[in-house]
Every structure is written in C-alpha cells, then in structure tokens.
Amino acid sequence: EAAHTTRPVAASTEAASAGKRAYTRMCGRCHGPAGKGAGTAATTAVPDLTDAAWDYGGSDGEIFAVIHDGVSADMDGYAARLSDTDIWNVVNYVRSVAAKR
C-alpha cells in the first residue's frame, strides 16, 4: 500500500529546505548531516540515504511510512513528533540528496 501512496507535498526548493530543517533536528544524529549514515548517535549500522540502495523500499510512500511508523527498535516512528507535512518535506529533502535513479 505504501508503495502506491503519492506525495501530497510537491517537490520544491521550499519543501526540501523545510525537510532539511526537520531532518537536521530529528534524523541527522543517526543518519549524519549529509545523509550518508555517519551520524554519531547510532548504535547500529545506519543506511546511507544518498546511495541507490533502499532497504525498506524507495517509493515516496515507502519512505514516508518508514519515517512515520519506524522499522525497528533502532528506528522509531516519528508520527508523534513530526506532522505528516513535515514528514513529506523530509521525503522531499531525502530525494534531493539521494542518488538519481
């Protein structure tokens, strides 16, 4: 189902900038400031968000679901801490730094 979810927040410079702010605040400690998985707070290996490999699916909806719901004890969901719009902005930011497919 998540694979078929379309992004309700259009990709734009503004959306990616807002996403970067949320990413820096909520995700950068583990995924690193550039998204390469080099954060200082992670206790296990963290995926590189800039490469072409996506462990939990690479569609916009799947990325949203991972952020919203989490995927493991190491990656909690952020639904209680970020609005859906903020999460979609993070999706836009991650797309802006990810390897082009």
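Guide: A residue is called buried when its relative accessible area is under 20%, exposed when over 50%, and partly exposed in between. The model is a predicted one. Cysteine 27, at 12% relative accessibility, therefore counts as buried. Cysteine 30 has 28% and so counts as partly exposed. A disulfide requires two cysteine sulfur atoms within 2.5 Å, and by this rule the count is 0 disulfides. For cysteine 27, the nearest cysteine sulfur belongs to cysteine 30 and lies 8.7 Å away, and cysteine 27 is in no disulfide. Cysteine 30 is likewise in no disulfide, with the sulfur of cysteine 27 as its nearest at 8.7 Å.

Charged pairs are the other topic. Side chains of opposite charge can pair when their charged atoms come close. Searching the whole structure gives 2 salt bridges. In one, aspartate 60 meets arginine 7 with an N to O distance of 2.8 Å. This pair joins distant parts of the chain, 53 residues apart: aspartate 60 is in helix α3 (residues 60-69), and arginine 7 is in the segment before α1 (13-26). Aspartate 60 is buried, at 16% relative accessible area, whereas arginine 7 is partly exposed at 27%.

Aspartate 60 also forms a salt bridge with arginine 95, whose closest N and O atoms are 2.7 Å apart. Here too distant parts of the chain are linked, with arginine 95 in helix α4 (residues 84-97) and aspartate 60 in helix α3, 35 residues apart. Arginine 95 is partly exposed, at 22% relative accessible area.

Terms used: Residues numbered from 1 in each chain as written. Predicted model: local features only at pLDDT ≥ 70, side-chain atom pairs only at ≥ 80, totals over all residues. Heavy atoms only, no water. Buried < 20%, exposed > 50% of the residue type's maximum accessible area, 1.4 Å probe, protein only. Salt bridge = Lys/Arg side-chain N within 4 Å of Asp/Glu carboxyl O. Helix = DSSP H or I, 4+ residues; strand = E, 2+ residues; numbered from the N terminus.
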